[in-house]
Amino acid sequence: MSNQTTINLEINGQAHTLAVEPRVTLLDALRDHLELTGTKKGCDQGQCGACTVHVDGERVLSCLTLAVQVEGRAVTTIEGLSDPGAELHPVQSAFLEHDAFQCGYCTPGQIMSAVSCIREGHAGSDDEIREYMSGNLCRCGAYPHIVEAVREAAKVMS
Amino acid sequence: MRDFSYLRAGSVDEALSAAAMPATMLLAGGTTLLDLAKCGVNAPERVVDVTHLKGLDTIRVDAEGAFIGALAKMSRVAADPAILAGFPAVSEALWQAASAQIRNMATIGGNLLQRTRCAYFRDPASFPACNKRVPGSGCSAMEGVNRGHAVLGTSDACIATYPGDLAAALVAFDAVVHLGERKVPIDDFFLLPGTTPHKEHAMQPGEMITTITIPASAAARHSTYLKVRDRQSYEFAAASAAVGIEFEADHETIRDIRIGLGGVATKPWRARAVEDALRGKVVEPETVKSASRLAVEGAVAHGGNHYKIELAPRVVERAILKSGALA
């Protein structure tokens, strides 16, 4: 553990200081160092989207991002999407309303991705939603309900 | 992933002098470097983060052509209105590649330098032999599962496919890779495997891609990218074609045609034989069909990838007809 470096991260509006090796990914920093376990580790090689978070408002994969790389950038995870005790984010509500999951493991990543998909203006049709949500895999196959949830949340957010 | 030391480059000069050190890699979007570090293919001792460098993410289009900074993200280039107007095939190749998350991370320079998806290359623990990883050690793909492997530009040492979409469009429109002051035409930037498949491009240690330029042309303005793959999205090409056409004043005789192929060759592939056969001809289905067969002249299959010799000309043919209708 000789190669640790101290980094300052802004996660969900809160400042955190932690000591990590440079090789530690943002995903591992969130889960193992900050106990923010809402962000899920699926494939850990950029193929499933379960680890999707927002950096400076854009969706990225936290498993292929080094924690040291996001110093000075604003990170939002599923825990920061709505304030504790406040109403759920419209995409979270839509996923509940439309039963857009079974096991739920991919859901935090799906929701973070869906929020961006709508913000980017890529939820204009079911085909467009499928294309721009293709980076998030669901092994349970809840895709039809996920598309419904994104479509309905887009109406609420517009 | 083995640990490494991390340096945040404050200037291009600092990045370049660091990159000249042994076992050092430049880190931009990280989507290839970290992926391959986890697979055990990359084991850098030093990683130089270039993402904080200023002024390297500019996208500019003027009468001369497009000027794209190496650190511009795939998603920004794909959505840029001037790129969309002047180089639609470039935009289409970008938004049909990877996923929305990866396109927000990956840079244009890094995109060009992505490594092959050959499963044997990516799995050194199970397959120690790989001529690309360890020169002279052998190749498991020749007799192995090679459905995704190349049929063009192969050698006895390597049949790994160059996986990128963007480069297929760039090679069609004579893009130039800028390594600081040194400018390399993209067709010369990427190397055939030959007996040295570990050498994939013309970049030397201590160099980095700073800019990519694409000359403006009527063919580029009337271009399209057609990608055929095993699933509809978030998948590498089984075969793809970037095609641009410029017609004579009669609106039917081809003055200029450019064709770049993806998913079927060891490097981004320019289909010059098809271009030569169609220049001066009228776009007519039978003419296009027979010319498109020339795309796979000299192709060599290794079993599982034989279908690509049939598929690639069909993709070229469809892309030409689509592009012809757009021009």
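How many residues of chain A are in contact with chain B, and how many of chain B with chain A?

## Where the chains meet

In this predicted model, 27 residues of chain A are in contact with 21 residues of chain B. On the side of chain A that touches chain B, the elements that give two or more residues are the strand β4 (58-61) and the helices α3 (107-119) and α4 (126-132) of chain A. The largest share of that side, 4 residues, comes from β4(A).

If the residues on this side of chain A are sorted by class, there are 8 nonpolar, 12 polar and 7 charged residues.

## The two domains of chain A

The domain assignment of chain A gives domain 1, which covers residues 5-79, and domain 2, which covers residues 90-157. Taken over C-alpha atoms, the centres of these domains of chain A are separated by 21 Å, and the contact between them takes 14 residues from domain 1 and 11 residues from domain 2.

On the side of domain 1 of chain A that touches domain 2, β3 (52-55) and β4 of chain A are the elements that give two or more residues, and the largest share, 3 residues, comes from β3(A). The residues on this side of domain 1 divide into 5 nonpolar, 6 polar and 3 charged.

## A hairpin and a helix pair in chain A

Strand β1 (residues 5-11) and strand β2 (residues 14-20) of chain A pair in the antiparallel sense over 7 bridges, with Thr5(A) standing opposite Val20(A) in β2(A). The two strands, β1(A) and β2(A), form a hairpin with 2 residues between them, and Asn12(A) in the turn has a positive phi of about 50 degrees.

Elsewhere in chain A, the axes of helix α2 (residues 90-97) and α3(A) come within 9 Å and cross at roughly 125 degrees. The helices α2(A) and α3(A) are therefore oblique to each other, and their crossing is right-handed. In this contact, Val91(A), Gln92(A) and Phe95(A) of α2(A) meet Thr107(A), Ile111(A), Ala114(A) and Val115(A) of α3(A). By class, the residues of the contact of α2(A) with α3(A) divide into 5 nonpolar, 2 polar and no charged.

## The parallel sheet of chain B

Chain B contains an open sheet of 3 strands in the order β1-β3-β2, with parallel pairing. Its edge strands are β1 (5-8) and β2 (24-27) of chain B, each of which pairs on one side only. Neighbouring strands of this sheet are turned by 25 degrees against each other on average, direction ignored.

Within the sheet, 4 bridges join β1(B) to strand β3 (residues 46-49) of chain B, and these strands run parallel. One point along the pairing is Leu7(B), which stands opposite Val48(B) in β3(B).

## The antiparallel sheet of chain B

Another open sheet of chain B is formed by 4 strands in the order β9-β10-β11-β12, and here the pairing is antiparallel. The edge strands, each pairing on one side only, are β9 (223-228) and β12 (269-270) of chain B. Strand β10 (residues 239-247) and strand β11 (residues 254-262) of chain B pair over 8 bridges, and Phe247(B) stands opposite Ile254(B) in β11(B).

Helix α5 (residues 88-95) of chain B packs on this sheet, touching β9 and β10 of chain B, and its direction makes about 25 degrees with that of β9(B). Helix α13 (residues 307-326) of chain B lies across β9, β10 and β11 of chain B, running at about 35 degrees to β10(B).

Key. Residues are numbered from 1 along each chain as its sequence is written. Chains are lettered from A and ligands numbered from 1 in the order in which they are written. This is a predicted model: local features need pLDDT of at least 70, side-chain atom pairs count only at pLDDT 80 or more; totals for chains, interfaces and linings use all residues. Two residues are in contact if their C-beta atoms, placed from the backbone, lie within 7 Å. Ala, Val, Leu, Ile, Met, Phe, Trp, Tyr, Cys and Pro count as nonpolar, Asp, Glu, Lys and Arg as charged, and the others, Gly among them, as polar. Two strands pair if DSSP finds at least two bridges between them. Axes are lines fitted to C-alpha atoms, for helices over the stretch in contact, and angles run from 0 to 180 degrees between N-to-C directions. Domain bounds come from an automatic or database domain assignment. Angles under 35 degrees count as roughly parallel, over 145 as roughly antiparallel, 65 to 115 as roughly perpendicular and the rest as oblique. A crossing is left-handed if the near helix is turned anticlockwise from the far one by less than a right angle, and right-handed if clockwise.
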